Amino acid sequence: MSKKILVIGINFFPELTGIGKYTGEMVHWLAEKGYETTMVTSFPYYPYWTVQQPYTGSFYKKEVLKGGKLKVYRCPMYIPKKPTGIRRLLHEASFLISSFFVVFLLLFKKKNELILAVAPPFHLGFLALFYRFFKGGKIVYHIQDLQVDAARELKMLPNGLFSVLFWLERLILKKVNMVSTISEGMIKRVKAKVYREVVFFPNWVNTDSFYPLMNREELKLEWGYKIEEQIILYSGSIGEKQGLDVIVRIADGLRHLPHLKFIICGTGPYKERLIAMAVTANLSNVFFSPLQQSEVFNRFLNMADLHLVLQKGDASDLVMPSKLTTILAVGGLALVTAHESTTLFDVITQNKMGIVIQPENDVSLKQAIEQFSLATYTEQRLRAREYASKYLNKYNILNAFLANF
């Protein structure tokens with residue numbers, strides 16, 4: 001008889017980026033391995049901040065996939081068009097309430113031996129604790145993003161709320177059976193909150209789907225660029241913590257190098273603001289692209305000469321950019337902003353597979369891009385692919401994590 005697993009998370013398949021991508025791949029993999037898996041989630045909305053087709057107009061919805069091995073319960077919630085700090089609180093609280101009713105109904109079904117809660121939002125741990133109180137089982141609390149820390153350091157909420165939020169978070173961390181997170185820096189952060197073991201469960205990449213291509217320069221023609229042009233790409237969520245307005249400022253300062261083309265690919269609550277900035281500055285070297293479909297994404301990433309992995313300084317070691325895994329897998333050259341002694345800084349510099357500069361420093365970023373345009377960085381690209389194959393292989397990571405419980 002196969003084991004039963006309950007997964008609770010706000011983001012899930014078919015979301016293509018961020019937490020939903022990893023939760024979706026993990027849950028499908030568990031079902032394919034023969035585990036009877038139940039997923040309690042929302043309707044796909046990220047990074048567009050609106051429910052995507054064909055899920056619009058639904059209240060609650062149940063899907064049965066993988067020959068019955070995977071059951072997905074989708075719950076309604078409030079989705080703000082412009083997600084400010086307070087609106088995000090309401091957004092996540094609405095999911096907590098709507099998903100509670102599904103978890104309550106699951107109490108009357110066969111027991112799940114494992115309950116996996118994916119944070120953020122951090123308070124989904126309470127749903128897992130509620131289920132365990134009545135049905136038993138073991139809880140794995142997996143932290144993709146130190147949400148409360150990030151909200152405080154990015155000043156997204158009133159200061160008076162944080163003492164309560166941190167107290168609630170510590171309560172969850174103390175009560176669950178296992179805590180896991182995605183980087184060594186985040187492990188240290190969690191241990192500073194509560195004294196307990198924290199399992200390393202990094203984000204992964206399918207190195208069979210993302211890999212270097214030989215005709216990388218010629219791929220530029222497919223997207224309307226010239227072979228001799230150098231493509232500087234940011235691909236991912238366009239949100240506050242990335243500080244992407246710097247791309248527009250740097251592009252403005254590099255008008256004298258017309259062969260440098262900046263592409264901002266993705267969507268998010270700050271995309272319209274960036275477009276307005278580029279239009280106001282009358283920039284002809286900045287281009288905006290929608291999220292690329294999975295069947296062409298490997299070619300799209302291979303096209304780029306330089307990949308930007310940007311974060312605000314306050315977000316150091318609070319999140320680990322998920323986009324980095326695919327960049328490394330395609331043998332891409334990453335230009336990363338990270339403070340010294342953070343996990344991101346250490347990983348890139350110790351393995352000599354990219355360029356690292358201090359966050360929120362326009363002068364350093366401009367100089368790094370100018371220097372990049374004069375070199376090839378062949379060795380860094382080779383080491384990036386080697387690192388991804390050795391440490392970020394999807395199936396190695398998932399099998400190792402499953403062995404923990």
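Student: Which residues does T41 touch, not counting residues up to four places away in sequence?

Tutor: This is a predicted model, in which local features need pLDDT of at least 70, side-chain atom pairs count only at pLDDT 80 or more, and totals for chains, interfaces and linings use all residues. Residues are numbered from 1 along each chain as its sequence is written, and side-chain values use heavy atoms, with hydrogens and water left out. Contact means heavy atoms within 4.5 Å. On that basis, T41 touches G9, I10, N11, F12, V72, Y73, R74, C75 and F95.

Student: Is T41 buried or exposed?

Tutor: Buried means under 20% relative accessible area, exposed over 50%, and partly exposed in between, with a 1.4 Å probe and protein chains only. Because T41 has 0% relative accessibility, T41 counts as buried.

Student: Which backbone oxygen does the side chain of T41 reach?

Tutor: A polar contact is a pair of N or O atoms within 3.5 Å; within protein, one must be able to donate a hydrogen and the other to accept it, and residues adjacent in sequence count only if both atoms are side-chain atoms. At 3.4 Å, the side chain of T41 reaches the backbone oxygen of I10.

Student: In which strand does T41 lie?

Tutor: Strands (E, at least two residues) and helices (H or I, at least four) are DSSP runs, numbered from the N terminus. T41 belongs to strand β2.

Student: What is the order of the eight strands in the open sheet?

Tutor: Two strands pair if DSSP finds at least two bridges between them. The pairing is mixed, and the order is β3-β4-β2-β1-β5-β6-β7-β8.
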